[in-house]
Amino acid sequence: MKKLSGSEIRKLFLDFFAEKDHLIWESAPLIPQDDPTLLWINAGMTPLKPFFDGSKKPPHPRMATVQKCIRTNDIENVGRTLRHHTFLEMLGNFSFGDYFKTEAIKWAWEFFTDCLEMDPEKLWVSVYEEDQEAFEIWRREIGVPEEKIAFLGKEDNFWEIGLGPCGPCSEIHWDRGEEFSCGPDCTLGCDCDRFLELWNLVFTQFDKKDDGSYKTLPSKNIDTGLGLERIASVLQETESNYETDLFFPYIKFLEKKSGLSYEKSEGKEKMAFRVIADHIRGIVFALGDGALPSNEGRGYVIRMILRRAARFGRHLGLTDPFLFEMVPLVKEVMGDAYPELVEKEEYIGQITKIEEERFAETIEQGLEILEGYIKRLQSEDQQILPGEDAFKLYDTFGFPLDLTRDALYEEGLEVDEEGFNSEMEKQRERARKAQAHKKLGFGDRRDIELEKLSRELKATEFTGYDTLSAEARVQEIAASQGLKKELKAGEMGFLIVDRTPFYPEGGGQIGDKGFLYASGGRGKITDTHQHNELIFHEIEILEGEIRVGNQVKLEVNEEKRLATARNHTATHLLHQALRRVLGTHVQQAGSLVDPKRLRFDFSHFRGLGSSEIEEIEKEINKQVLKNLDVKAEYMTLGEARERGALAIFEEKYQSRVRLINIGPGYSQELCGGTHLKATGEMGPIKIISEAGIAAGIRRIEAITGFNALNYFFQQEDRLRKMAEKIKARPDELEKRIEQILEEKEGLQNKLKKAQSFSLADQARELAEKKEVIGGVPVIRSRVEVDGPNEMRQLGDMIKDRLSSGLIFLAAEQKGKGHLLVMLTPDLLEEKALHAGKLAGKLAKVIGGGGGGRPDMAQAGGPEPEKINLALAELEKFLQKE
């Protein structure tokens, strides 16, 4: 049997199937590109589903891949068992209506026994209990002894997910030896660790119907999966996957970092090594493919995995962030197969560090509270942590439910997940109601029956993409008191009409403003909102009255709409420019578009330098000068994905979407907002601010069009006024300011010298006023100085002039008293005096406190009017000493 590294196994597998006329297909990203039902790619065949279901034609009837996968359905077992992982690589060969069982079985056996030189005597096979065809191939054509072929039931050897394509499967297992068996009757199919499943061959030959029947497919497919981690453990003859070269470099890092031995560790320590070695791979690959930690969806999964790893780090004594230090190691181990890790190493490391530091702020307090919950449960002989307690840990301290479940599991306890989910839903419902009320402007004063209105009224037809005015009929009027039949002059409320050109707030764009005209009245529309299919117009009646059933004319404020459109088109250009300048890891994380400005939140790990901001501005303005066409198209979500359209993953899109195209292939984004017809209509763009708003999230604010021009005019006016103040032309401003700064520096140096001479004069005068108190030479005085630092400088000058003595200086600064006590070295030994203690006593006289070293101390107090009393009190303190 060949002893191969993980990299060698990958290459050998792909080379083997390339020789069998398979197209080698690059691993798809972990984030599904066109399957909204999945958070992660979790199997080798997942990215190929369109080829299997016939919705897309495969580029070749035979394909082979090494696919990145993430599985977290049993994350609590990762680290506890020897084989469970969050991140794994699945080797697979696939046939779309080409070869079938015979070739799939023969090539799997050939790869194992010829290429890897595995011992055929240690290979066992399982087949579906009704698949006599597969059994005969294994028995007659491959020559596997009948006693090493196990017939298993549907649960183990039949693949199906609901209705549609399905079929039996056959698995190849490795016999680890009798020492791992469960007894003399041990055989393939039992639950012990003797037989290790390696390669699953799925024969997709049936179509499951609604009535439960299975019809034979006219075109049969092959889908196989061989876990790289498992085959590596067999070839490298390790006890578990964790000792292979795919994991052990991380364990070696943790040994060095913690000072602990993996081999000698046991219990929680051993598990911690394994958990972290597993999780760091999932973290790095997920971040590299564009996932970001958050509280929803896949972002929640990544945050949970990272925080689970950080918590287990504490079992190894690692309390400071350390996972980010492992990112370069993952690149080193996996970068040859996945070059994106090399490209994005810095970005992945930064996001990991930021997330670790964020969790570190609350983990200690959270763990302390969790430990308190555990002790309470144990003392009360209870087994289940209430859901509200688990939710508090999540909501206040950032503990994902999985983390709490994990910690409880270690103590043999459970969590009330139903109660947790109930608390979570209550919070979401509160947020939904608050948002709905906020949008409709009522706060908590009135809960309009939005759902009832949505059911009873005709959906509002939006015509605002093509026109800024429309004739419509008033369907309903709502106000803070409830539903009304009319609104009169001076009153405010909400109008629902059957059609409107007014764009409702959504997708980051604010709602339109404008006017409404009727035969009996006129109103000003101050905002527009949407709930389900209804569009609400927030209106103030200016004259007359508006009644339900009125025919009205609606006119959008053209100037504000155009200004908003400039900013919205600018966000699309900005998004593309950011990806070009900073990298394709940049993803939109939020936006706000109104007539005055745009705000764009995006994923990035550090602040932008001035040169980067300038480059981004140049890139956008270049596209403006090209006057690129801006066009909208309607298509299915799948078609938009195929075109490579950018979208916000967490956004819920309809099956039919609107795609905004800028130029021939410059920018493609799913968007329902209003836009320009060409980029030249936008005018210039100017970024006015850039800052961080959350871990790994930056925010840019910018202005366009006339707002940008006004900004330039204002800046030019400021420069002109500044130039006039210093008697220079604007183009001479920089040079003239440099001259002024040089002159200022020269004057400051002269002033310091003058002050130094002044302090020296004071020091000489004070040194000559020495008096003796209690046998101690003393200089005490109230002085005029520019702060405590200058007073200390004066004290040093006096001290340099004394061979022996105590210096006590006092000054008033900004309404407070400041004291300084200094002693020459001889007084410390001969008189056993202590400057810090004396300063503390004297400060009490002026209502304060302080202290310091034995030879020098400073103190202060809020009662400077008692400084003279403090100077007099020194005599009393010295006589006591």
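A residue is called buried under 20% relative accessible area, exposed over 50% and partly exposed in between, with a 1.4 Å probe and protein chains only. F712, at 32% relative accessibility, therefore counts as partly exposed. The structure is a predicted model, in which local features need pLDDT of at least 70 and side-chain atom pairs count only at pLDDT 80 or more, while totals for chains, interfaces and linings use all residues. Residues are numbered from 1 along each chain as its sequence is written, and side-chain values use heavy atoms, with hydrogens and water left out.

**Aromatic pairs and clusters**

- Rings of Phe, Tyr and Trp (its six-membered ring) pair if their centres lie within 6.5 Å; planes under 30 degrees apart are stacked, over 60 edge-to-face and the rest tilted.
- The whole structure holds 34 aromatic pairs.
- Y711 has 24% relative accessibility and so counts as partly exposed.
- One aromatic cluster consists of F13, F16, F17, F111, F112 and W199.

**Charges over rings**

- A charge sits over a ring if NZ of Lys or CZ of Arg is within 6 Å of the ring centre and within 35 degrees of the ring normal.
- K270 places its charged end over the ring of Y262, 4.2 Å from the centre.
- The charged end of R311 sits over the ring of F312, 4.8 Å from the centre.

**The four-stranded sheet**

- Helices (H or I, at least four residues) and strands (E, at least two) are DSSP runs numbered from the N terminus, and two strands pair if DSSP finds at least two bridges between them.
- Four strands in the order β22-β23-β28-β27 make an open sheet with antiparallel pairing.
- β22 (588-593) and β27 (685-694) are the edge strands; each has a single partner strand, so one side of each lacks a neighbour in the sheet.
- β27 and β28 (residues 697-704) run antiparallel and are joined by eight bridges, with I685 opposite T704 in β28.
- Helix α17 (residues 558-582) lies across β22, β23 (598-603), β27 and β28, and runs at about 25° to β23.
- Axes are lines fitted to C-alpha atoms, for helices over the stretch in contact, and angles run from 0 to 180 degrees between N-to-C directions.

**Helices α8 and α10**

- The axes of α8 (residues 267-288) and α10 (residues 327-334) come within 10 Å and cross at roughly 85°.
- α8 is therefore roughly perpendicular to α10, a term for angles of 65 to 115 degrees.
- I280, R281, V284 and F285 of α8 make the contact with V327, V330 and M334 of α10, where contact means heavy atoms within 4.5 Å.

Key
Parallel < 35°, antiparallel > 145°, perpendicular 65-115°, else oblique.
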